[in-house]
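Student: I would like to go through this structure term by term. Please set each value against its cut-off.

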Amino acid sequence: HKLLPYIYTMNYRTHTDCRAICEPMYYHFPEEEKAYECKNEFFYGTELIVAPITEHTSENTNLASVNVWIPEGRYTDVFTDRIYEGNKFVKMYRDIDSIPVLAKEGAIIPMSKNDRVNDCSNPEELEVLVYRGNNTFLLYEDDGESLSYKNGEYLKTNFTVSEENNSVYLSVSKEEGDVNVVPKKRTYTFKFKDIVSADVTVTVGNKEAKAEVKKCG
């Protein structure tokens, strides 16, 4: 349920670009032979790779495994925070409650913090996972019920992350649309998932702004 903002954006991508939310690896890497060897593995939207486990659980370890093909680049498991360097197969072991889900380098994943209520309205609290790298994510939102988006009642918000030397920059800006489709007071929480420590500066426009900065455990 937390992934609704991400999923809704990916469904909009399906509407505009005819791209499915779940796509086999060879759709993204048609020239790579290894992409055809991982038959259960798939992209979930533009930012995530999912590797379902279909093997039996070991009676000795209570774990099951899957041979995950990781494309070229850096990928981070969203559940374990372990970082993998790509262009290889890695056998990953998980218990019955989890499977490998990898965020690509520079992934930006918007989520709702309202994950305990069966509600599909645009969230008042938006939590955004940010993985260092270079990438742009365009969040799409409308009322989720009517065709009013055809009359301009929608909002596209641009999130851009860039990495240069030892610095990571994240910018958030309105791309186009009507801000009235989202709550007037929205809280943003940005979680930089593969950074150990950093000095943080927040600016709104050209002025430095106050923000609460916490180190995740």
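Student: What should I know about the model before reading any values?

Tutor: This is a predicted model: local features need pLDDT of at least 70, side-chain atom pairs count only at pLDDT 80 or more, and totals for chains, interfaces and linings use all residues. Residues are numbered from 1 along each chain as its sequence is written, and side-chain values use heavy atoms, with hydrogens and water left out.

Student: Which strands form the open sheet, and in what order?

Tutor: The order is E9-E10-E14, with mixed pairing. Strands are DSSP runs of E with at least two residues, helices are runs of H or I with at least four, and both are numbered from the N terminus.

Student: What makes E9 and E14 edge strands?

Tutor: Strand E9 (108-112) and strand E14 (187-192) each pair on one side only.

Student: How do you know that E10 and E14 pair?

Tutor: Pairing needs at least two bridges found by DSSP between the strands. Strand E10 (residues 125-130) and E14 have six bridges, in the parallel sense. In one of these strands, E14, Tyr188 is the bridge partner of Leu126.

Student: Which helix packs on the sheet, and at what angle to E9?

Tutor: Helix H1 (residues 4-17) does, touching E9 and E10, and its direction makes about 120 degrees with that of E9. Axes are lines fitted to C-alpha atoms, for helices over the stretch in contact, and angles run from 0 to 180 degrees between N-to-C directions.

Student: What makes a set of residues a nonpolar core?

Tutor: The members are buried Ala, Val, Leu, Ile, Met, Phe, Trp, Tyr and Cys residues, joined through side-chain atoms within 4.5 Å. Buried means under 20% relative accessible area, exposed over 50%, partly exposed in between (1.4 Å probe, protein chains only). The largest core here has 22 residues, and Tyr6, Leu48, Ala103, Ile109 and Tyr131 touch the most other members. E10 gives the largest share, four residues. A second, separate core has 15 residues, including Ile49 and Met92.

Student: What does Ile109 touch beyond its sequence neighbours?

Tutor: Leaving aside neighbours within four places in sequence, its contacts include Leu3, Tyr6, Leu48, Ala103 and Tyr131. Contact means heavy atoms within 4.5 Å.

Student: Why is the pair Lys2 and Glu127 called a salt bridge?

Tutor: The term requires a side-chain nitrogen of Lys or Arg within 4 Å of a carboxyl oxygen of Asp or Glu. The closest N and O atoms of Lys2 and Glu127 are 3.5 Å apart, so the pair qualifies. Lys2 lies in the segment before H1 and Glu127 in strand E10, so the bridge ties together parts 125 residues apart in sequence.

Student: What makes Arg74 and Asp194 a salt bridge?

Tutor: Their closest N and O atoms are 3.9 Å apart, so the pair falls within the cut-off. Arg74 at 9% relative accessibility is buried. Asp194 is buried as well, at 10%.

Student: Why is Asn135 called buried?

Tutor: Its relative accessible area is 15%, so Asn135 is under the limit. Asn135 sits in strand E11 (residues 135-141).

Student: Why is Asn122 called buried?

Tutor: Asn122 has 18% relative accessibility, so it counts as buried. Asn122 lies in the loop between E9 and E10. Its side chain reaches the backbone oxygen of Val181 at 2.8 Å, and a polar atom of that side chain lies 2.9 Å from the backbone oxygen of Asp142.

Notes
Polar contact = N/O pair within 3.5 Å; in protein donor to acceptor, adjacent residues only side chain to side chain.
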